[in-house]
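Visitor: Could you walk me through this one? I'll jump around a bit.
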Amino acid sequence: MKLEGKQQIWNDYQKEIANDQYYYARSCIRQTFFPGSEWAYLDILGNKLGKTVFDDPKHTTCTGIGYHSDVVPVETIMTVVARHFALMTEAGFENMTPSCITSFGIYTEILHTWEQHPEMEEKTREFLWKATGREFRKPRNLAHTSDVIYKFRNEIAAQKKYSLKDIHTGRPLQVVDHIGCHYAKMFPAKGIGGAEFPAVLSGMVTAWGGESIDYPERRHCCGFGFRNYLVLANRGFSVANSKKKFESMQPYEPDFIITNCPGCAMFLDKWQYTISEMEGITYGHNGYGIPVLTYEEMAALVLGYDPWEIGLQMHQVSVEPLLDKMGIPYVPEAKYKNAKGEDMGHPAYPTYLKVY
Amino acid sequence: MTTLSDSLKADIHFIESMNSCMNCGVCTAICPSAEFYNYDPRIIVDTVQRNDDEVLETLLKSDTIWYCGECMSCKTRCPRCNTPGGIIMALRKLSQEKGWFTESEKGRQQFALKRVLGNNILAYGYCVTPDIVKPEMHPEQGPIWEWIYHHRDEVYEKVHSNYHRSGAGALRQVDDESLNELRQIFEVTGGNEFMAKIETYSIQKAEEMGMDSESYFLHTYMDNNGQHGGK
């Protein structure tokens, strides 16, 4: 009986994810800090899994960071999102796949609000027509891009060239995940595993040979807090929350952190540098940090993509210790070279945090 | 005459976020802002239920409503399906409509946010782009970002993006027609009007504080009086 109950709860937190034909909604933060992740996602979907993804040049920001910084009104963001739905409709697609947790939360919230308040949907349609002359159909399916990778985790496992294992010992890599608040905290039924038992990343980790660690502060915010990072005077809030997470995960000696949300990935990577400069503390082995990967980067490494082609040189915390454990070959001197093979110089070295 | 309570109750965020509170304090227990700032979401919910305009006005002029990070962790855990973070969004809207956000240090930061995000969205079509993440304003980004920033054309090319060019791909330049549609949406939906209010009230406050707009911008972006932490 107990098991049936758990199975029922688990069933409540599954979601439908379309099988093909995706409209891609770009993330401002991901493209700025992890552009290689975007490329890897589109390449994996198109060339490894044989799916159709439309990357629309007309797509813009959803304005979500402005909305959650309270400078963009709800009527405005609803109409911007309605324009995205119109572009999707015009391109002949029905499956919306944002690559950003903030956008995913916003799309989910707006569809929910329109369901509860049809008059707001009607008003949005009027605004969109007046501003752009466009009309839209709502998406048949809304899934975050990590949901899509999760859906095809076994297909990716079948093509994998490297596993999430330490090749020297055979030990599964110990992985801590960070889901991102707006993935499932607002609408738990819209996230795989809900807010309490998030499985979207851990499902990938275990499918590819690693072990997921359920560390105590797994569900805590990374500390973005919109205005609490964007305004320089508030950044103590942001770094303090990330520090709380690092202290919670460090005793488990994780091999790497995996993230769902592009902003969280950036903070968990960069704040390790900041904390090292502020307090001389580092969280990885021997003075290095804990490497942070986006789920696209993790999928791409497993599939054998070159680390520098997918942008791992853009991370502040060096990823080489992880690559060495997984047995992934790389050319160290290519890390800081441009596409023509010319040297771009070495970044400055932090005071305490060891880097390659 | 419309009372503050009436205005609040007409806001969609308030409607969607406020049911009835039993004062359990779970929201405060889970709240990252309550842990860092002198902030208690349970008291926010308590306060807005009192229908007392005098108390509301004090709240709308205070730092208190600006501490929340809108992570919405409170929504998951509230046993009565309230969302203090959503109530905060309604309070912030009202504070800006009334011009009362300039009465507190944290509230005045809306000027910096409006200037930065408003400009990014309407000029580039993105909330964030690499060009505006200047290392001197973002020391926390560290030496790798500084290196990327100074070699951004080459670094972004290496990782297959379409930086500053037309067409598809990461970091491509948003075309003029799409940008104009975005700007037109801001015009017809009140987005421009709302941001103009933030600008106007902020410039008034700058004059009151004896600052030009650039000094006031730096004040709102950089200053922290150290009086916000409660623990």
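Visitor: What does Gly191(A) touch, leaving out residues up to four places away in sequence?
Guide: Gly191(A) touches Tyr183(A), Ala184(A), Pro198(A) and Val200(A). Contact here is C-beta atoms, placed from the backbone, within 7 Å. This is a predicted model: local features need pLDDT of at least 70, side-chain atom pairs count only at pLDDT 80 or more, and totals for chains, interfaces and linings use all residues. Residues are numbered from 1 along each chain as its sequence is written, and chains are lettered from A and ligands numbered from 1 in the order in which they are written.

Visitor: Where is Gly191(A) found?
Guide: In the loop between helix 10 (181-184) and helix 11 (202-207) of chain A. Helices (H or I, at least four residues) and strands (E, at least two) are DSSP runs, numbered from the N terminus.

Visitor: Gly191(A): buried or exposed?
Guide: Buried, because 30 other C-beta atoms lie within 10 Å. The cut-offs: buried is 20 or more other C-beta atoms within 10 Å of the residue's own, exposed is 12 or fewer, partly exposed is in between, with C-beta atoms placed from the backbone.

Visitor: Another loop. Where does Pro307(A) sit?
Guide: Pro307(A) is in the loop between helix 15 (295-303) and helix 16 (320-326) of chain A. Pro307(A) is buried, since 23 other C-beta atoms lie within 10 Å.

Visitor: What is Pro307(A) in contact with?
Guide: Leu301(A), Leu312(A), Val319(A), Leu323(A), Ile328(A) and Tyr330(A), leaving aside neighbours within four places in sequence. Thr294(A) is 13 residues from Pro307(A) in sequence and 13 Å away in space, C-alpha to C-alpha.

Visitor: On to strands. Which way do the residues of strand 1 of chain A point?
Guide: Strand 1 covers residues 22-25. Tyr22(A) and Tyr24(A) point one way, Tyr23(A) and Ala25(A) the other, and all are buried. In a regular strand the side chains alternate between the two faces of the sheet.

Visitor: How many bridges does strand 1 of chain A make with strand 2?
Guide: Three, in the parallel sense, with strand 2 at residues 53-55. Strands pair if DSSP finds at least two bridges between them. Tyr24(A) has Asp55(A) as its bridge partner in strand 2 of chain A. Strand 3 (residues 95-98) of chain A also runs parallel to strand 1, joined by four bridges. There Tyr24(A) stands opposite Thr97(A).

Visitor: What covers the buried residues of helix 6 of chain A?
Guide: The cover includes strand 1, helix 4 (64-67), helix 5 (74-90), strand 3, strand 4 (141-142) and helix 10 of chain A. Among the buried residues of helix 6 are Phe104(A), Tyr107(A) and Ile110(A).

Visitor: How many residues does helix 6 of chain A have, and what does it span?
Guide: Helix 6 (residues 101-116) has 16 residues and reaches 22 Å from first C-alpha to last, close to the expected 22 Å. The expected span is 1.5 Å times one less than the number of residues.

Visitor: How many bridges join strand 5 to strand 7 of chain A?
Guide: Four, between residues 174-178 and residues 256-259. Val175(A) stands opposite Phe256(A) in strand 7.

Visitor: Chain B now. How many helices and strands?
Guide: Chain B has 15 helices and zero strands. Of its 231 residues, 49% count as buried.

Conventions: Two residues are in contact if their C-beta atoms, placed from the backbone, lie within 7 Å.
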